[in-house]
Amino acid sequence: MSFYKKTKKAIDGKWYPQGVTVGRPVTTREVAEQLARLSSLSRGDVYSVLSELGGVLAHYMAQGRTVKLEGMGTFFYTPDMKGQGVDTPQEVSARQIRGTHVRFIPETRRAANKSITARTLVPPGVEWLDIEEEAATRRQP
């Protein structure tokens, strides 16, 4: 299940659900343990691979490439300009770039008509619950 909280946006004064996470983040060790249970590899082997994954992704993306991990999705860099637009194409330069973001697009499966049938990181039937209502329910005896 996933949780949201009610948030009023200053831009239009309207209320929207905003996703929130609960608890502490899942660690690399926990992910390694789960993957080891699902495979023939040891937790140590999986942990070793996971701990090197970020550096390998950075290596390829620094070469201007995207990285597509089957069953997961695609990682790539995008520049951050922070409103540094210019008036003509001749003025465009790398000096406008203030930082680099890593973007991620989850892998999708498409039907014959090109409609999305599944996203690998989003299981079917994700249930969204109001975190305040859930907390109130848990406090009641």
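Me: How many bridges join strand 4 to strand 5, and do they run parallel or antiparallel?
Reply: In this predicted model, eight bridges join strand 4 to strand 5, the latter covering residues 99-106, and the two strands run antiparallel.

Me: Which residue in strand 5 does Phe 76 stand opposite?
Reply: Phe 76 stands opposite Arg 103, which belongs to strand 5.

Me: And how do strand 3 and strand 4 pair?
Reply: Strand 3, made of residues 67-69, pairs with strand 4, made of residues 73-80, in the antiparallel sense, and three bridges link them. One of the residues with a partner there is Leu 69, whose bridge partner in strand 4 is Gly 73.

Me: What sits between those two strands, and which residue takes a positive phi?
Reply: Strand 3 and strand 4 form a hairpin with three residues between the strands, and in that hairpin Gly 71 takes a positive phi near 85°.

Me: Changing topic, which residues line the largest pocket?
Reply: The lining consists of Leu 35, Leu 50, Leu 53, Leu 69 and Met 72, and the pocket has a volume of about 170 Å³. By class, that lining has five nonpolar residues, with no polar and no charged ones.

Me: Where is Leu 50 found, and what does Leu 50 touch?
Reply: Leu 50 is found in helix 2, which spans residues 43-61. Leaving aside residues up to four places away in sequence, Leu 50 touches Thr 28, Val 31, Ala 32 and Leu 35, and Leu 35 is also listed in the lining of the largest pocket. The C-alpha atoms of Leu 50 and Arg 29 are separated by 9.1 Å, with the two residues 21 apart along the chain.

Me: What about Thr 7, buried or exposed?
Reply: Thr 7, which is found in strand 1 (residues 2-8), is buried because its relative accessible area is 16%, and the cut-off for buried is under 20%.

Me: Which side chain does the side chain of Thr 7 make a polar contact with?
Reply: The side chain of Thr 7 makes a polar contact with the side chain of Gln 18, at 3.1 Å. Not counting residues up to four places away in sequence, Thr 7 touches Lys 14, Trp 15, Tyr 16 and Gln 18.

Key:
Residues are numbered from 1 along each chain as its sequence is written. This is a predicted model: local features need pLDDT of at least 70, side-chain atom pairs count only at pLDDT 80 or more; totals for chains, interfaces and linings use all residues. Side-chain values use heavy atoms; hydrogens and water are left out. Helices (H or I, at least four residues) and strands (E, at least two) are DSSP runs, numbered from the N terminus. Buried means under 20% relative accessible area, exposed over 50%, partly exposed in between (1.4 Å probe, protein chains only). A polar contact is a pair of N or O atoms within 3.5 Å; within protein, one must be able to donate a hydrogen and the other to accept it, and residues adjacent in sequence count only if both atoms are side-chain atoms. Contact means heavy atoms within 4.5 Å. On a 1 Å grid over the protein atoms alone, a cavity is a set of points where a 1.4 Å probe fits but cannot get out, and a pocket is an open set with protein on both sides within 12 Å along at least five of seven lines; lining residues have an atom within 4 Å of a point. Grid points are joined across faces, edges and corners, and a volume is the space filled by probe spheres set on the points. Ala, Val, Leu, Ile, Met, Phe, Trp, Tyr, Cys and Pro count as nonpolar, Asp, Glu, Lys and Arg as charged, and the others, Gly among them, as polar. Two strands pair if DSSP finds at least two bridges between them.
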